[in-house]
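Hi there,

I'm handing over the structure we talked about, and my notes on it follow below. Please have a look whenever you get a moment.

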Amino acid sequence: MKNKNVAIIGRPNVGKSTLFNRLIQRRLSITSDISGTTRDRLINKCEWLGRYFYLVDTGGYTSHYYDSFQASINDQVEIAIDNADIILLVVSSGQIMREDEEIANKIRRIKDKKVILVVNKIDNKEKMDEISQFYNLGLGEPIGVSSIHGIGINDLLDSIVKDISQAVEILDKTPKIGIIGKPNVGKSTLLNKITKDDRMIVSEVAGTTRDAVDTRIKYKEQEYIFTDTAGIKKNKKTLNDIEFYAEIRANLTIETATIVLLLIDLSQGISKIDERLIGVLKDKKKPTIIVVNKADLLDPEDRKEELRNLEAHFDYATYMPIIFISAETGRNIPKLFEMFDKLEEERTREINKHQLNEFLIDLIFVKKPPRHNGIEVKLKYITFVKDVVPHFIIFSNKPEFLHFSYQRFIEKQIRIVFNLQNIPVKISLRSSYGK
């Protein structure tokens, strides 16, 4: 059975994102007193009493255009409403505002959707007495909650899952693709082209996407989860609070993604941010594809020259595949999916003990470890651990004396012999405590 979609909607600054965070039990959505903080739809899977549903956070809906993005925010809210099975209209304690009435009028015209009226910021008994006035919105019995203090949340969850039955949780092993990069390099445009859905707000203004946003799609019978993130800026000292938390989301995406797409805008060139991100991804052993956007601006010979330049520039991470695309036209996007499958196959490859033993014998035959101050360094045996990336553990009598150049030689041979050309590999050195 398909899990239900539950959309949280309401005017700006009624506490929708705080409620979202409370219901999912972690701080995913960025919260702020500044109107318009939440712009794109955030989606997270929730469980209550063994029943599962998808919770969707949205930006503040209003007919008053506080910023240039408001029309797009309103469009995103409309899409969330259309896709929802259950709508949570969130209002704030105190008096009913005209915008509350406008949204309630819109919702009352919707048929075949369950609507729950949530009165937020009910922090004490006096405010509890104010709830009755919200019956005037014509949406049935309101539920009073305090998203900050957790008051009334259990009652709200009971109401949400009341009509949800036989919801089944499935262990999700879907590949997670994180999209990162500088502001305004085409991350949201790429995701829109992949999904064929204007799910993200796309704008020429740097910093449009602030939250990390998950999108599940199917391509040739394989499902993927894509996460678009806010652009990562160079000078962290200039980040305001919202941008600071947005960068945290991007870092979280790097941590949780199966594969990371680092998007580079060809017209902007390679920046210090791109170099820093490549270094971070290399250090974290994160499978990465360097995606060069706006490739349609180059002819074939120029692309070859640009590829050589990129390979030389990122010579410390030569295993990272480089793919030229056009997010606008969709050029070479199928190649991305081919590479996803290749990276996943390499990342999850099994290597047996016999293969490892043969590899170590051949390795030593081709090139013995160099001596260290006259001390012979011996490689005793090797094991393999199926980790987030392939993990090889090599035991030596003197692992601390194994020269870094020989360690690079080992990695190069591992990549060649086991055909691990496109992903990071982890090599650990351990002491064998023997002569």
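Helix H6 (residues 187-195) and helix H10 (residues 333-347) cross at roughly 85 degrees, and their axes come within 11 Å. H6 and H10 are therefore roughly perpendicular to each other, since angles from 65 to 115 degrees are classed that way. Do keep in mind that this is a predicted model.

On the H6 side, the residues in this contact are Leu190, Lys193 and Ile194, and they meet Ile333, Leu336 and Phe337 of H10. By type, the contact of H6 with H10 has five nonpolar residues, one charged and no polar.

A second pair to look at is helix H11 (residues 353-366) with helix H12 (residues 404-417): their axes lie 11 Å apart, and the packing angle is about 130 degrees. That makes H11 oblique to H12. The crossing of these two helices, H11 and H12, is right-handed. From H11, Phe359, Leu363 and Val366 meet a set of H12 residues made up of Tyr406, Phe409, Ile410, Gln413, Ile414 and Val417. Eight of the residues in the contact of H11 with H12 are nonpolar and one is polar, with no charged residue.

Is Threonine 258 buried or exposed? Its relative accessible area is 15%, so Threonine 258 is buried, the cut-off being under 20%. Leaving aside residues up to four places away in sequence, Threonine 258 touches Pro175, Lys176, Lys286, Pro287, Glu344 and Arg347.

Best wishes

Conventions
Residues numbered from 1 in each chain as written. Predicted model: local features only at pLDDT ≥ 70, side-chain atom pairs only at ≥ 80, totals over all residues. Heavy atoms only, no water. Buried < 20%, exposed > 50% of the residue type's maximum accessible area, 1.4 Å probe, protein only. Contact = heavy atoms within 4.5 Å. Axes fitted to C-alpha atoms, helices over the stretch in contact; angles between N-to-C directions. Helix = DSSP H or I, 4+ residues; strand = E, 2+ residues; numbered from the N terminus. Parallel < 35°, antiparallel > 145°, perpendicular 65-115°, else oblique. Left-handed = near helix turned anticlockwise from the far one by under 90°. Nonpolar A, V, L, I, M, F, W, Y, C, P; charged D, E, K, R; others polar.
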